[in-house]
Structures are given as structure tokens and as C-alpha cells.
Amino acid sequence: MYIPVDSPYFIAGAVLFAVAGAVAYFWMSSFLFGAGYQGAPRRSVEAMFRLSELGEHDYLFELGAGVGAVTFPAAREKAARVRAVEIEPLRYLVLRLRRALGPAADRIEIRRDNMFATDLRDATVVSAFLWPGAMARLKPKFERELRPGARIVSRCHRIPDWTPEQYDREADVYLYVVPGGTRAPQAHPSAS
């Protein structure tokens, strides 16, 4: 059976195929970049903020930012400066679009970068919802680059061989504090 290209059935089928392809890419491409995509529930985001005591003097780095479940509320609700790090192109574009259209854009920096190559020295708080293998790869980077007292909040997955300072079982969020400092937020370099 032949269906003409200008037929509504052909057009609807092409649109459906394109949408299904975009959804499949969005969910499956993340495996190529090292982590599957799953949005963070609001209770987990709130637990990350509460455990890390995130505030206006903090510089939060969201590693594997996805579409910004932590990034945007951190800037909007907690007045923190945020660097969202995402390597996957489609999610990076979603982050850029959300930043352009939403409030607190001046507090948000979006970087299309490999989180394993991102310089973390300016971070006072790091948030992550990454697979155990990624957390293991980040551990030496955390140890080398984060200042004493910097806080790391991780949803679902622990940092190997580190003992969490706190754990919220309901939200499944771990809090780690880099040894040698206090939990008090440190002013980020651009703070006056």
C-alpha cells in the first residue's frame, strides 16, 4: 500500500517516529556518556540542600546536571551560584534554554564538559546522582581538588571508602564533608 508523502497519515507517522527517536536518544544516549538519565525527585533535591546547608555564599557544582533538577532550585531558592556540568548535547541544550527563560540566570553557569575533567577547586558544594563507577572515578578528584570543608551530596550512591557524615534514608541522599575544615559555607571567589 502506497501512502503519499503529503498524506496526513504519512506526516503523522513521521512526526511520531521523530518524537520516539528523540525520546529514545534522550534516555539511551546517556549510556554512551557514562550515566543513565533519571530525574531527581523534589524530596531528594530538598534533602541535598538541607544536608549541605546550601546558601547564598555557596558555589554549587552539579555534576551530570541532566536538565537541572538541582541547578535551578539552588540558584532560585537558595541564592547559590551554580555551575551545571553536562556533556550530553541534548540535555546541555535543555539546560541552556531553561537558563535563558528562567529566573536567577545571572547565578547559573552552564558548561558542556566532561565532569572528570572539570576543575572543582572553586566548589563549596558538589551534587551528584551518578552510578557507582563514576563515584569511584571522582573520589581521587574530590580528594585532590576540593577544599577542606567542602560538602558533597550524592543521591543513591556512596563514595567508595568514605564515611558519610549524614544519610537521609527517605530521600536516599548521602552527605560527605572534605576533611580538615568546617561545615560552614565558604565564600566563593566572586563573592564580595
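How many aromatic pairs does the count come to? The model is a predicted one. Rings pair here if their centres lie within 6.5 Å. By this rule, the count is five aromatic pairs.

Take W162 and Y176. Their rings form an aromatic pair, 5.9 Å centre to centre. The planes stand 65 degrees apart. Planes over 60 degrees apart count as edge-to-face, and this pair is edge-to-face.

Where do the two residues sit? W162 lies in the loop between β5 (151-155) and β6 (166-168). Y176 belongs to strand β7 (residues 173-177). The pair therefore ties together parts that are 14 residues apart in sequence.

Are W162 and Y176 buried or exposed? Buried means under 20% relative accessible area. W162 has 14%, so W162 is buried. Y176 has 1% relative accessibility, so Y176 counts as buried too.

The two rings also belong to a cluster. F142, W162, Y167, Y174 and Y176 form one aromatic cluster.

Other rings meet charges. The charged end of R81 sits over the ring of Y59, 5.5 Å from the ring centre. R137 lies over the face of F116, and here the distance to the ring centre is 3.6 Å.

Now turn to V70. This residue is in the loop between β1 (59-63) and α3 (71-78). Its relative accessible area is 4%, so V70 is buried. What does V70 touch, leaving aside its neighbours within four places in sequence? V70 is in contact with V45, M48, F49, L60, E62 and S127. A128 is 58 residues from V70 along the chain. Yet the C-alpha atoms of V70 and A128 are separated by 9.3 Å.

Conventions:
Residues are numbered from 1 along each chain as its sequence is written. This is a predicted model: local features need pLDDT of at least 70, side-chain atom pairs count only at pLDDT 80 or more; totals for chains, interfaces and linings use all residues. Side-chain values use heavy atoms; hydrogens and water are left out. Rings of Phe, Tyr and Trp (its six-membered ring) pair if their centres lie within 6.5 Å; planes under 30 degrees apart count as stacked, over 60 as edge-to-face and the rest as tilted. Helices (H or I, at least four residues) and strands (E, at least two) are DSSP runs, numbered from the N terminus. Buried means under 20% relative accessible area, exposed over 50%, partly exposed in between (1.4 Å probe, protein chains only). A charge sits over a ring if NZ of Lys or CZ of Arg is within 6 Å of the ring centre and within 35 degrees of the ring normal. Contact means heavy atoms within 4.5 Å.
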